[in-house]
Amino acid sequence: HRHLLGIEPLKPHEITAILDLADSYVDLNRRPEKHSDALAGLTQINMFFENSTRTQASFEIAGKRLGADVMNMAMQASSIKKGETLIDTAMTLNAMHPDLLVVRHPHSGAVDLLAQKVNCAVLNAGDGKHEHPTQALLDALTIRRAKGRLHRLNIAICGDVAHSRVARSNLILLGKMENRIRLIGPPTLVPGQFADFGAEIYDDMREGLKDVDVVMMLRLQKERMDGGFIPSEREYFHRYGLDAEKLSHAKPDAIVMHPGPMNRGVEIDGTLADDINRSVIQEQVEMGVAVRMAAMDLLAQNLRQSRNTAAAG
Ligand code: CP
């Protein structure tokens, strides 16, 4: 592949290859000398048109640990504010010969469009409600390391599925790896059409969580709601927020995940989120750096190969 725009085009063996390489980067990241030259000589530009803590920081750290020259565009201070379009901005940066462009954008499909206009590899860091492929890959790596496998698990994805690119990418990835997926939430946030992904839909947390291996909570994405989706945060937490009592319906060794940023006391109880015996939220963040290193390493290998072929031809 030339780009990483979504999980959709990836085959199961390609997902496994990314995770295997990421595992080796977890080892590297735990050493005192956290450095490789896999991206030496390459230029990585991060363009975040939407807020981010985890994804932007981990892409920057990932690039630097692999020896790339990394530049973070301050989009709030860019000429986008003067009316320059996304495509003109991308073309302008493209003329500076970057090798890797990491892009987050509030509109679904914007990153795919941009990828058609530039000569470098593009990585989707989240586009609207569409995909967040590196999040699904880091979630997969976290699950595989915690459970020892990434197939035939019962996995519950809970809460605001409707507005979540994280849920979409996870549904696609976990489905490709032949897991049984349940979606749990109010019908306004888990519309029936999500059954098309092969998932079972539940409105009741205790029923839906019965005997699951993995509980993945989602943030209520109020910035993508027009209002009217939930009665109140207190009522939402009562019915759909994960706490120790609701978790007791899952398997005794079920893990608790959340992509972050989390709303404590809304979709998840803060004490449970911090319980290192159940919650793998910090591991997810650690895996995020390793997965992004692996994704950029593999795309850079493809980029170098295609450039060599073009030079030889
Ligand atoms: N999970 C995630 O994408 O977090 P950020 O929005 O902080 O990058």
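Which residue has a side-chain N or O atom 3.0 Å from a nitrogen atom of the ligand? Select Gln135: an N or O atom in the Gln135 side chain is 3.0 Å from a ligand nitrogen, a polar contact (a pair of N or O atoms within 3.5 Å). Taken alone, the ligand exposes 250 Å², and the protein buries 91% of that (accessible areas are from the Shrake-Rupley method with a 1.4 Å probe).

The model is predicted: local features need pLDDT of at least 70, side-chain atom pairs count only at pLDDT 80 or more, and totals for chains, interfaces and linings use all residues. Residues are numbered from 1 along each chain as its sequence is written, and side-chain values use heavy atoms, with hydrogens and water left out.

Next, select Thr55, where an N or O atom of the side chain is 2.6 Å from a ligand oxygen. At Arg54, a polar backbone atom is 3.0 Å from an oxygen atom of the ligand.

Now show the residues around the ligand (a heavy atom within 4 Å): Ser52, Thr53, Arg54, Thr55, Arg104, His132, Gln135, Pro259 and Gly260. By class, this shell has 1 nonpolar, 6 polar and 2 charged residues, with Pro counted as nonpolar, Arg as charged and Gly as polar.

Arg239 lies in helix H8 (residues 233–240) and Asp203 in the loop between strand S7 (200–202) and helix H7 (205–208), so the pair ties together parts 36 residues apart in sequence. Helices (H or I, at least four residues) and strands (E, at least two) are DSSP runs, numbered from the N terminus. The salt bridge count comes to 14.

Conventions
Polar contact = N/O pair within 3.5 Å; in protein donor to acceptor, adjacent residues only side chain to side chain. Salt bridge = Lys/Arg side-chain N within 4 Å of Asp/Glu carboxyl O.
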